[in-house]
Amino acid sequence: MIKIIINQSVLETAIARKNLSRKELAHNMGVSSYYLGRIINGKIKPSSGMRQRLLEYFKEHTFDDLFTIEEPKNGK
């Protein structure tokens with residue numbers, strides 16, 4: 001199964017450029033700061049809806065900027 005994970009360094013830079021804290025971003029996105037932090041730290045994968053919200057919020061970035069696609073090893 002393909003995994004789509006957040007590109008942490010790009011997202012952290014994007015948040016800083018908007019002069020936001022993670023808590024402020026979470027509030028603006030309508031999610032808890034705990035949930036957003038787990039996504040940013042790679043503890044959980046962002047849902048398709050969350051990926052879309054991040055792309056809409058950070059319009060200056062592309063999907064490939066914000067996310068990394070991990071292919072399964074050995075076809076599994």
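Reader: How many aromatic pairs does the structure hold?

Author: The model is a predicted one, in which local features need pLDDT of at least 70 and side-chain atom pairs count only at pLDDT 80 or more, while totals for chains, interfaces and linings use all residues. Residues are numbered from 1 along each chain as its sequence is written, and side-chain values use heavy atoms, with hydrogens and water left out. Rings of Phe, Tyr and Trp (its six-membered ring) pair if their centres lie within 6.5 Å; planes under 30 degrees apart count as stacked, over 60 as edge-to-face and the rest as tilted. By this criterion, the number of aromatic pairs is 2.

Reader: Which class describes the pair Tyr57 and Phe58?

Author: The ring centres of Tyr57 and Phe58 are 5.1 Å apart. Their planes stand at 70°, so the class is edge-to-face.

Reader: Which class describes the rings of Phe63 and Phe67?

Author: For Phe63 and Phe67, the centres lie 5.0 Å apart. The angle between their planes is 35°, so this pair is tilted.

Reader: Is Phe67 buried or exposed?

Author: Buried means under 20% relative accessible area, exposed over 50%, and partly exposed in between (1.4 Å probe, protein chains only). The relative accessibility of Phe67 is 3%, so Phe67 counts as buried.

Reader: Which residues touch the most other members of the largest nonpolar core?

Author: A nonpolar core is a set of buried Ala, Val, Leu, Ile, Met, Phe, Trp, Tyr and Cys residues joined through side-chain atoms within 4.5 Å. The largest such core has 19 residues. Those touching the most other members are Leu11, Leu54 and Phe58.

Reader: With which residues is Leu54 in contact, leaving aside its neighbours within four places in sequence?

Author: Contact means heavy atoms within 4.5 Å. With those neighbours set aside, the partners of Leu54 are Ile6, Leu11, Met29, Leu66 and Phe67.

Reader: Which residue in S2 stands opposite Ile6?

Author: Helices (H or I, at least four residues) and strands (E, at least two) are DSSP runs, numbered from the N terminus. Two strands pair if DSSP finds at least two bridges between them, and S1 and S2 (residues 67–70) pair in the antiparallel sense over 4 bridges. In S2, the residue opposite Ile6 is Phe67.

Reader: Within what arc do the buried residues of H1 fall?

Author: The buried residues in H1 are Leu11, Ala14 and Ile15. They line one face of the helix, because, seen down its axis (taking directions from the axis to the C-beta atoms), they fall within an arc of 100°.
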